[in-house]
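Here is a short tour of one protein chain. Have the sequence and the 3D view handy while you read.

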Amino acid sequence: MPQRVICQGCSYVLYEGTEFNSPGEIIQQYNCTCPKCGKRLSFLPLDIEVKPVNK
Ligand SMILES: [Zn+2]
């Protein structure tokens, strides 16, 4: 099932795809910072949201 990782600060889609990547790896690709709002992203689920994509 496709999944989506969203910045909790601005709802920017950090990752969307069918492969499961851990949120930690995705965050590291952005240097732990949201490219849109500049929010510091941590591994805590409070900062990002992982959702299945219903299509
Ligand atoms: Zn953001």
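N31 sits in the loop between α1 (23–29) and β3 (48–52), and C32 is found in that loop between α1 and β3 too. Helices (H or I, at least four residues) and strands (E, at least two) are DSSP runs, numbered from the N terminus. This is a predicted model, where local features need pLDDT of at least 70, side-chain atom pairs count only at pLDDT 80 or more, and totals for chains, interfaces and linings use all residues. Residues are numbered from 1 along each chain as its sequence is written.

| Residue | Phi | Other C-beta atoms within 10 Å |
|---|---|---|
| N31 | near 55° | 10, exposed |
| C32 | near 60° | 14, partly exposed |

Those labels come from a count: a residue is buried if 20 or more other C-beta atoms lie within 10 Å of its own, exposed if 12 or fewer, and partly exposed in between, with C-beta atoms placed from the backbone.

Zooming out, the protein has one helix and three strands, in the order β-β-α-β along the sequence. Of its 55 residues, 15% count as buried.

What makes up the largest nonpolar core? Six residues do: V5, C7, L14, I27, C34 and L41. A nonpolar core is a set of buried Ala, Val, Leu, Ile, Met, Phe, Trp, Tyr and Cys residues joined through C-beta atoms within 7 Å. In soluble globular proteins, nonpolar side chains tend to be buried together.

Leaving aside residues up to four places away in sequence, C34 touches C7, G9, C10, Y12, K39 and L41. Contact here has a cut-off: C-beta atoms, placed from the backbone, within 7 Å.

Key
Two residues are in contact if their C-beta atoms, placed from the backbone, lie within 7 Å.
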